[in-house]
Amino acid sequence: MQQFWVNIDGNIEEHSVPESVEEVMPGVCWGVPEELFTPAFWKYQSEAQMRRNRYRDHRLGETLLEEIAVCLLGGYGIPAEMGMVAFHRLREDGLLSGGASEEDVHERLARPFEMEGRQRRYRFASQKASYLARSLRMAREFSLDLPERDLRQRLLDLPGIGPKTASWIVRNHLDSDEVAIIDVHLHRACVMMNVFEADSHPAKDYFGLEDLFLKFARAIKVRASVLDAVMWDFMRRIGPTSKPIKITATAQLQLAF
């Protein structure tokens, strides 16, 4: 077994994972915790973040309609920070109950946003206003008593919502471990571990990749919702890279993000 240590407010906890050459799943070896992007590294990071009580509450909105709105507003091509400020403006103006017109939503999205001292505009304001107004109107009657994947299937009927956004809504609102958000960041991390094939693409086989990710999460004994969030946050912060990077034992004790 390999040991790693987690620093929680000055208290050092010892944990262990199998030897580096052992397989997590066919064709995927554990690797070592101090090497970025290995299964052992993700196990280490997930344990550290869970013990710091991070990534436990995924909800961004208070209701299903609000969760639909925030996930639609922060979708492809929209930075997470921009999606959030747009969401807060629409919520403060009372436009997320399912009764707002496309025109009202568009007017709010088209206005510049103040971010870090700069005026910035929301991309695709017209298209997103149309998707959002129609989706919220249609979703007003959705039941939360549906099984998680059945709710996702219903969400796929809404304008502008594909498997990734539908999974994001379900993961957030229901704290679900039955779905995964296979975006560019998580896909890149899984390709680097050989969990996904290098030529795979979520647009072509979203649900097949999701099943592989969920199997991987179970294999390393981490909640899929937590592992998904940890990978997404780390990979977007570290930026593009394909080379293994080792960290020192001292950094291993302190590393956080």
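Residues are termed buried when their relative accessible area is under 20%, exposed when it is over 50%, and partly exposed in between (1.4 Å probe, protein chains only). Helices (H or I, at least four residues) and strands (E, at least two) are DSSP runs numbered from the N terminus. The structure is a predicted model, in which local features need pLDDT of at least 70 and side-chain atom pairs count only at pLDDT 80 or more, while totals for chains, interfaces and linings use all residues. Residues are numbered from 1 along each chain as its sequence is written, and side-chain values use heavy atoms, with hydrogens and water left out.

The predictor's confidence in each residue is given as pLDDT, from 0 to 100. The protein chain has a mean pLDDT of 89, and 93% of its residues reach 70 or more. Residues 242-257 have pLDDT below 50; beyond near neighbours in sequence, this stretch makes 38 contacts in the model, a contact being heavy atoms within 4.5 Å. Where pLDDT is low, the predicted coordinates should not be read in detail.

In helix H6 (residues 148-155), the buried residues are Leu151, Arg152 and Leu155. Viewed down the axis of H6, the buried residues fall within an arc of 105 degrees and so line one face of the helix; the arc is taken from the directions from the helix axis to the C-beta atoms. These buried residues of H6 pack against helix H2 (64-73), helix H7 (163-174) and helix H9 (202-219). Helix H7 also contains Asn172, which is buried with a relative accessible area of 2%. Residues up to four places away in sequence aside, Asn172 touches His58, Arg59, Leu60, Glu67 and Cys71.

A nonpolar core is defined as a set of buried Ala, Val, Leu, Ile, Met, Phe, Trp, Tyr and Cys residues joined through side-chain atoms within 4.5 Å. The largest such core has 41 residues, of which Trp42, Phe213, Phe216, Leu227 and Met231 touch the most other members. Two or more residues each are given to this core by strand S1 (2-8), strand S3 (23-25), H1, helix H8 (184-192), H9 and H10. H10 provides the largest share, 8 residues. Another core, of 38 residues, lies apart from it and includes Leu65, Ala86, Met115 and Ile181. Phe216 touches Val24, Met25, Pro39, Met193, Val195, Leu227 and Met231, not counting residues up to four places away in sequence.

Aromatic rings of Phe, Tyr and Trp (its six-membered ring) are paired if their centres lie within 6.5 Å; planes under 30 degrees apart count as stacked, over 60 as edge-to-face and the rest as tilted. The structure holds 6 aromatic pairs. In one of them, Phe41 and Phe234 have ring centres 5.3 Å apart and planes at 65 degrees, so the pair is edge-to-face. This pair joins distant parts of the chain, as Phe41 in helix H1 (residues 39-51) and Phe234 in helix H10 (residues 224-238) are 193 residues apart. Phe41 is buried at 0% relative accessibility, and Phe234 is buried at 8%. Phe4, Phe41, Trp42, Tyr44 and Phe234 make up one aromatic cluster.

Helix H10 also holds Arg236, which is partly exposed with a relative accessible area of 32%. Arg236 touches Glu81 and His185, not counting residues up to four places away in sequence.
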